[in-house]
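Please have a look at the structure first.

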Amino acid sequence: MSAPDQTPPPDFDEDFLQAIAKWKGQHKVRDDDTIWLLMDLFRIHQNHWDEIRHRQMPSLDEFEKDIVALTEATKILKERATKEIRAVELPIAICAVIAAAIAGFLIAKFL
């Protein structure tokens with residue numbers, strides 16, 4: 001079985017840098033402007049939360065493995081349940097029906 005083609009994730013940093021360069025050119029922002037400090041602070045903040053999100057969220061591969069494991073466990077439990085179903089044997093069932101009929105008759109007669 002061949003491994004599926006895995007495309008690399010898009011480079012959002014490069015897109016972000018290009019958008020900043022375009023914005024900087026449009027608004028004629030100098031390199032020593034204080035807005036760059038705010039942009040750096042924003043990038044630190046964004047990287048921090050991206051890192052937290054990546055640590056907390058399982059990947060789709062892990063999720064798929066969990067689903068497969070749950071499906072297999074369900075199949076095993078279903079097979080066990082079908083094997084463990086017990087039917088009452090016919091002679092025992094006939095005895096129970098006769099006993100219930102006699103008990104019903106006696107209860108009705110004495111009431």
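## About the model

This is a predicted model, in which local features need pLDDT of at least 70 and side-chain atom pairs count only at pLDDT 80 or more, while totals for chains, interfaces and linings use all residues. Residues are numbered from 1 along each chain as its sequence is written, and side-chain values use heavy atoms, with hydrogens and water left out.

Let's begin with H4, which covers residues 90-110; helices here are DSSP runs of H or I with at least four residues, numbered from the N terminus. H4 has 21 residues and reaches 30 Å from its first C-alpha to its last, close to the expected 30 Å (1.5 Å times one less than the number of residues). The helix is hardly covered, with a count of 0 buried residues (buried is under 20% relative accessible area, exposed over 50%, partly exposed in between, with a 1.4 Å probe and protein chains only).

Leu-90, Ile-94, Ile-98, Ile-102, Phe-105, Leu-106 and Phe-110 make up a nonpolar surface patch with about 770 Å² of accessible area together. Areas come from the Shrake-Rupley method with a 1.4 Å probe, and for residues only the protein chains shown count as cover. Patch members have over 30% relative accessible area and no salt bridge; nonpolar side chains (Val, Leu, Ile, Met, Phe, Trp, Tyr) are joined within 5 Å, like charges within 9 Å. Ile-94 is partly exposed, at 44%.

Lys-28 sits in the loop between helix H1 (12-27) and helix H2 (35-56). Although not a glycine, Lys-28 has a positive phi of about 55°, and this residue is exposed, at 71% relative accessible area.

How many salt bridges does a search of the whole structure find? There are 2, where a salt bridge is a side-chain nitrogen of Lys or Arg within 4 Å of a carboxyl oxygen of Asp or Glu. One joins Asp-31 and Lys-24 at 2.0 Å, N to O; Asp-31 is exposed at 59%, whereas Lys-24 is partly exposed at 24%. Asp-32 pairs with Arg-30, with the closest N and O atoms 3.1 Å apart. Asp-32 is exposed at 59%, and Arg-30 is exposed at 57%.

## A negative patch

Asp-61, Glu-62, Glu-64 and Asp-66 gather in a surface patch of negative charge. Asp-61 belongs to helix H3 (residues 60-84). Asp and Glu count as negative, Lys and Arg as positive, and His and the chain ends are not counted; each charge is placed at NZ of Lys, CZ of Arg, CG of Asp or CD of Glu.

Conventions. Helix = DSSP H or I, 4+ residues; strand = E, 2+ residues; numbered from the N terminus.
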